[in-house]
Amino acid sequence: MTKRTVLVVDDEEMIRRACARALAPVFHVIEAETLAAAERALESGNVDVCLTDVRLPDGDGVERLSSLRRQSPRTIFVFMTGHGGVESAVAAVKGGAYDFLTKPFDSIDEVSIAVGKALEHKDLRDMADRLQSEADRRAGFDAVIGGSGAMAKAGGVARD
């Protein structure tokens with residue numbers, strides 16, 4: 001089975017590397033120092049979870065969340081910060097982030113747990129989307145079975 005991909009975005013090398021080391025045994029980890037580098041990594045469309053600092057040298061992650069989500073709608077975003085408080089966390093979650101972690105972490109295990117929960121959420125969301133698509137497909141006119149002339153005419157098929 002292919003490893004899931006986690007993008008770790010933090011300009012503090014020590015934090016970024018610690019997160020990457022904690023996640024690497026289970027996930028494919030990509031590292032980025034800036035929002036611009038994160039955007040380039042997200043272009044692939046293969047990032048399952050983006051674990052990102054709020055304050056980065058080239059901008060505020062929470063402020064850019066909506067554009068990041070448009071760029072990579074299947075990615076789940078988890079924010080982390082050493083600067084924010086309740087307001088930052090609320091803004092991130094309202095903007096579509098799944099979770100918000102405060103640095104310094106009590107334990108690096110917090111990161112693994114948050115990423116694991118984010119992936120569970122992603123899997124449930126993906127399953128719901130698949131089931132909805134299947135239900136929509138089955139509820140459409142194509143699912144109606146009938147061979148009468150009236151049915152064929154209603155479906156746009158001319159019969160002799």
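## Helix H2 and its buried face

In this predicted model, helix H2 has five named positions that are buried, Leu-35, Ala-37, Ala-38, Ala-41 and Leu-42. Buried stands for under 20% relative accessible area, exposed for over 50%, and partly exposed for what lies in between (1.4 Å probe, protein chains only). Helices (H or I, at least four residues) and strands (E, at least two) are DSSP runs, numbered from the N terminus. Seen down the axis of H2, the buried residues fall within an arc of 155°, so they line one face of the helix; the arc is that of the directions from the helix axis to the C-beta atoms. An α-helix has 3.6 residues a turn, so residues three or four places apart point the same way.

The cover over the buried residues of H2 includes S1, strand S2 (28–32), strand S4 (55–56), strand S5 (59–60), H3 and S6. Contact here means heavy atoms within 4.5 Å.

## Basis of the values

Residue numbers start from 1 along each chain as its sequence is written, and side-chain values use heavy atoms, with hydrogens and water left out. As this is a predicted model, local features need pLDDT of at least 70 and side-chain atom pairs count only at pLDDT 80 or more, while totals for chains, interfaces and linings use all residues.

## The chain as a whole

The protein chain has six helices and seven strands. Read from the N terminus, the order of elements is β-α-β-α-β-β-β-α-β-α-β-α-α.

The protein chain has 160 residues, of which 34% count as buried. Among contacts between residues at least 6 apart in sequence, 59% join residues at least 24 apart.

## The nonpolar cores

A nonpolar core is a set of buried Ala, Val, Leu, Ile, Met, Phe, Trp, Tyr and Cys residues joined through side-chain atoms within 4.5 Å. The largest one has 21 residues, and those with the most contacts inside it are Leu-7, Val-9, Leu-42, Phe-77, Phe-79, Ala-92 and Phe-100. At least two residues of this core come from each of strand S1 (5–9), helix H2 (35–42), helix H3 (65–71), strand S6 (76–81) and helix H4 (86–94). H2 gives the largest share, five residues.

Apart from this core lies another, of 18 residues, with Phe-27, Leu-51, Phe-105 and Ala-118 among them. Leaving out residues up to four places away in sequence, Leu-7 touches Ile-30, Glu-31, Ala-32, Ala-38, Ala-41, Leu-42, Val-47, Val-49, Cys-50 and Leu-51.

## Helices H1 and H5

Helix H1 (residues 13–23) packs with helix H5 (residues 109–139) at an angle of about 60°, and their axes are 9 Å apart. Axes are lines fitted to C-alpha atoms, for helices over the stretch in contact, and angles run from 0 to 180 degrees between N-to-C directions. Angles under 35 degrees count as roughly parallel, over 145 as roughly antiparallel, 65 to 115 as roughly perpendicular and the rest as oblique; H1 and H5 are therefore oblique to each other. The contact is made by Cys-19, Ala-22 and Leu-23 of H1 with Val-111, Ser-112 and Val-115 of H5.

Ser-112, at 26% relative accessibility, counts as partly exposed. Beyond its neighbours within four places in sequence, Ser-112 is in contact with Ala-22 and Leu-23. Glu-110, also placed in helix H5, is partly exposed, with a relative accessible area of 26%. Its C-alpha atom is separated by 9.8 Å from that of Cys-19, 91 residues apart along the chain. Not counting residues up to four places away in sequence, Glu-110 touches Leu-101 and Phe-105.

Thr-52 belongs to strand S3 (residues 49–53) and is buried, with a relative accessible area of 2%. Thr-81 belongs to strand S6 and is buried, with a relative accessible area of 2%. With neighbours within four places in sequence set aside, Thr-81 is in contact with Asp-53, Val-54, Phe-100, Leu-101, Thr-102 and Lys-103.

Lys-103 is joined to Pro-104 by a cis peptide bond, with omega about -5°. Pro-104 lies in the loop between strand S7 (99–102) and H5.
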